[in-house]
Every structure is written in C-alpha cells, then in structure tokens.
Amino acid sequence: MKVPSSRRRLTRRHVLKTGAAALGAGTATLNALPALQGQSTQAPAIVTGTQTGRSFRGLVRHASTLDVQEMRLLPIDPRQVVIRSQAVAPCYTIVRGALNTNPAPRAEVPNHCGFGVVEAVGPMVKRVQVGDRVVVAGTSQCGQCYQCLQGRPDYCQFTFFSNAQGVAPFPPFAQFPDGTPVYAGAGIGGMSELMAVFEEYCVPVFTDLPAAQLTLLGDQLSSGFAAGHADMHFQPGCDVVVFGAGPVGLGVVQAGRVTGAGQVIVIDPIKYRRDFAMKLGATTTLDPVMEGDGLVERVRELCRGPNDRRFAGGVSWGRAGNSVMARGADFVVEAAGLQAFPPKAEAQPDPTNVTTVQQAWDCTRMGGHVMLMGLTAQPVSFPGTSLAILGRTIHPGQQGGLHVMRDIPRYVKLIEKGTIDAQSVITRRYTLDQSRQAVQDTADRTIITGVIEFT
C-alpha cells in the first residue's frame, strides 16, 4: 500500500533541508525584530534628535575662570548614556586644576563622578535603561579588558587607555552657544545638569536612598571603605591607622568600625576632623604637628599589644635592631594627600605629603599592609633593606581597590541598614549656582564633604 506523503518517515537530510529553508524564509522577520524593538528602546538622540542640542547649565573651567555656563548637548556615542544629574560631591583632587587662573587649554566640566537618572541611552547600551538611578563611578568596569579579566577592574583599561598621540581619550560632550567644544573631566565631569558618559562607568542602583548620599559612592566614601573591605581586608581585632580624616579617610574609618578592628588610630592636623573621626568609629586621634618626630613611635606604642611574650603570641616591645621592625599597625592607609591650596583650617606639616607617605610605611609592622591613597608629586624613597625583607605589602590606592559593579550595590545595602553613615559626612549642601564655592570650600578644607544638588 502506498504510504500517504503526510505520513512518510522524515529523514535527517529532509529535516535539515526544510529547516534551513524555513529559517531562510524567516530571516527577514528575525532581523526585523531588533529593528522594531530598537525603535522603542534607542535613545531619543538616535531616533528623534531631541537630546542633541539640548540646553543645560554646568560649572565650567574655561579661559582663566571657573563659572556656571550655558551649554548644548552634542550627539552621543552608541555606548553613551545621557544622565540628568541629581547630586555630585567635588573631590579634593580637582581643586588645583579647577581653581587655577592660568588660561585653560580647553573648556571642561570638572570632577570625575556623579549621580542621576538615565534619560537616554545609545543603541548599544546594555547595562542601564531609561529611568534607572545610576551612580557614575570614577573608575570604569568593562568586564572584558585584560585587567578586568584578571580580577582587577579597579584598573579597567577603559579608564586607563591611551589614544594616538594628540587625540583626546574622550570626545567633547557639549558646546557653548558660540560652538566652543566642552569636555568632561575624565570623560565624566559631573558638575553639570546633564552628563553624557560611557556605560562602563554607570552602576544602576535600586533604592530610594537620597541622591546626596548615593553620589558619595562614586568616589570618596566608597574608595575609603573599599580600602578596608575590598582590598586589604581588615580583620576583626586588628590595628588600623589612617592618615587623613577627609571624606576618603573617614570611609576607611568606617570600614575599620564595620569589620570590627581592635583600634582605629586617625592622624590629622585639623581638629574638627579628628573630632568627627571619633564620632564615626575612630578609637584614638593624633595631631601630627603636636607629635612631630615622635609620631611613628607613638603609633608603635599604641599597637604594642598586651604582652611581648613571643611564645604566647605577643608582639615585640623592643626598640632596637630587628625587634623594632615587628612593632606597628597591621593595616595603615595614607589618605591625606598633598596640600593643593593653603587651607583655612590647620595646615599639614608637610604640604608635599612625602613625609606622610614615609611615616605610613614606618608605622606598618613587619608583614603588615600599607595603602597609599593620597597623592604626592614628589619622589618618595624607602630603605632598600626594609623593602626587601620586612614583608610589608604596599597596596596602590586607586579607588581603594573598588570593584564598582560588585561593591557599590553592597554599600547601598549597608547605607540602608545604617551600617555605613553616608549622611553625617555631608556637612554642607550647595546649588549649582553655588558650585564654585563648593570647590573653594573643598580646597579650604573647611568642610568634610560638600554636595551640589540639582533641582
């Protein structure tokens, strides 16, 4: 009997042949799907042009001044995100460049972090969506470069890449009404009503915490906390020493408190900052000016421990030869930095910060850990023998080892629980029209952290 064609056995070749034909016939439909979806998800800048040319204001360093200027948004890159700024905290590292009165080589919005709401995305953006609240971090995390794949996204090569000589790593994101291009500091800026940043810098956060607190996770607070949490891993009962009680150093202090450090010794010449550190978890504060040349020995004495019996786990109390090398703190963080401007508060004993870096090294016990977060523009020397045999680990201070996509959401939870105090460290708030004063107050060191809030 002849088998109806509808009931014939299907061979593998038949399936492959007919399947390929069906797939080919459906190609137009499959390819059209992303295009149809893209019409609703692409940035208005791509679809309608409503973002390009959009007017906004921001603090700009240009010519020989720093003031608030009107700008127009330029077209965005396919991987860029347009963010409506809600809050930003000026970092001390920008004050020298921002307040300089020498002619600027280009117009630039200062800073390198911020917080806001996504208003448009390029067609290749995957990480964030329109309406997301995002922390714009000072360091990117692409997840694909050599550094990210080696577990060091704090050195993501998207942040530390270089273009051809003479080519700016980041294009201008805006222009003045006369057509002058305006750049963003570090490709981010932050001190303007709009930001246009690459998605690698964006961390979406799903919380109703105030913008003023969340913006601190882009740089200062998160960098300090990460020093003890993400990189050096403070241990319960350990001895921690922090040089500098600014916004970064106070983040380190909070890391010491949260991880259960036995003591957190804070060193800062500014009295109100020492007092503030005590409120956030410091156990002892020292004035480096008053301590003078005896500072290192004072720290060693504070970390001497309850006994010096080596067979009972004690720490040597000796002050000569190899004995002195065992004395000191388990973890030391230098977060003072160089003095960019003469402050209105108490001045550092060494404005170059070289002495502070050396003291941080000397305060660290044999086999301990020291992180150099503050900057110095001068060469720093260490004894060769100590470098070779004391076993002290030097940690670079690039955002404290922060992994932005991993750590910032964790820190959001800790702020929500009240474990991290992100509210009290904000000691003054500003409007955009007062933003230059915010930079000046940061330079004067008359505040802990100032936050510019956008309406």
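User: Is Arg304 buried, exposed or partly exposed?

Analyst: This is a predicted model, where local features need pLDDT of at least 70, side-chain atom pairs count only at pLDDT 80 or more, and totals for chains, interfaces and linings use all residues. Residues are numbered from 1 along each chain as its sequence is written, and side-chain values use heavy atoms, with hydrogens and water left out. Buried means under 20% relative accessible area, exposed over 50%, and partly exposed in between (1.4 Å probe, protein chains only). Arg304 has 27% relative accessibility, so Arg304 counts as partly exposed.

User: Which residue does the side chain of Arg304 meet in a salt bridge?

Analyst: A salt bridge is a side-chain nitrogen of Lys or Arg within 4 Å of a carboxyl oxygen of Asp or Glu. For Arg304 the N to O distance is 2.8 Å.

User: How many salt bridges does the count come to?

Analyst: The same rule is applied to side chains. One of the pairs is Glu297 with Arg327, at 2.8 Å, N to O. The count comes to 20 salt bridges.

User: How many residues apart in sequence are the parts that Glu297 and Arg327 tie together?

Analyst: The side chains of Glu297 and Arg327 meet in a salt bridge. Glu297 lies in helix 11 (residues 295-302), and Arg327 in the loop between helix 12 (321-325) and strand 14 (329-334), so the pair ties together parts 30 residues apart in sequence. Helices (H or I, at least four residues) and strands (E, at least two) are DSSP runs, numbered from the N terminus. The separation is 30 residues.

User: Which helix holds Asp441, the salt-bridge partner of Arg428?

Analyst: The side chains of Arg428 and Asp441 meet at 2.9 Å, N to O. Arg428 lies in strand 17 (residues 426-430), and the pair ties together parts 13 residues apart in sequence. Asp441 is buried, with a relative accessible area of 5%. Asp441 lies in helix 16 (residues 435-444).

User: Are helix 8 and helix 9 roughly parallel or roughly perpendicular to each other?

Analyst: Axes are lines fitted to C-alpha atoms, for helices over the stretch in contact, and angles run from 0 to 180 degrees between N-to-C directions. Angles under 35 degrees count as roughly parallel, over 145 as roughly antiparallel, 65 to 115 as roughly perpendicular and the rest as oblique. Helix 8 (residues 247-259) and helix 9 (residues 271-280) pack at about 30°, with axes 9 Å apart. Helix 8 and helix 9 are therefore roughly parallel.

User: Which residues of helix 9 meet helix 8?

Analyst: Contact means heavy atoms within 4.5 Å. From helix 8 come Leu250, Val253, Gln254 and Arg257. In helix 9 they meet Phe276, Ala277 and Leu280.

User: At roughly what angle do the axes of helix 7 and helix 15 cross?

Analyst: The axes of helix 7 (residues 220-231) and helix 15 (residues 404-417) come within 11 Å. Helix 7 is roughly perpendicular to helix 15. The crossing angle is roughly 100°.

User: How far apart in space are Thr449 and Cys91?

Analyst: Thr449 is found in strand 18 (residues 449-453). Thr449 is buried, with a relative accessible area of 3%. In sequence, Thr449 and Cys91 are 358 residues apart. In space, C-alpha to C-alpha, the distance is 8.6 Å.
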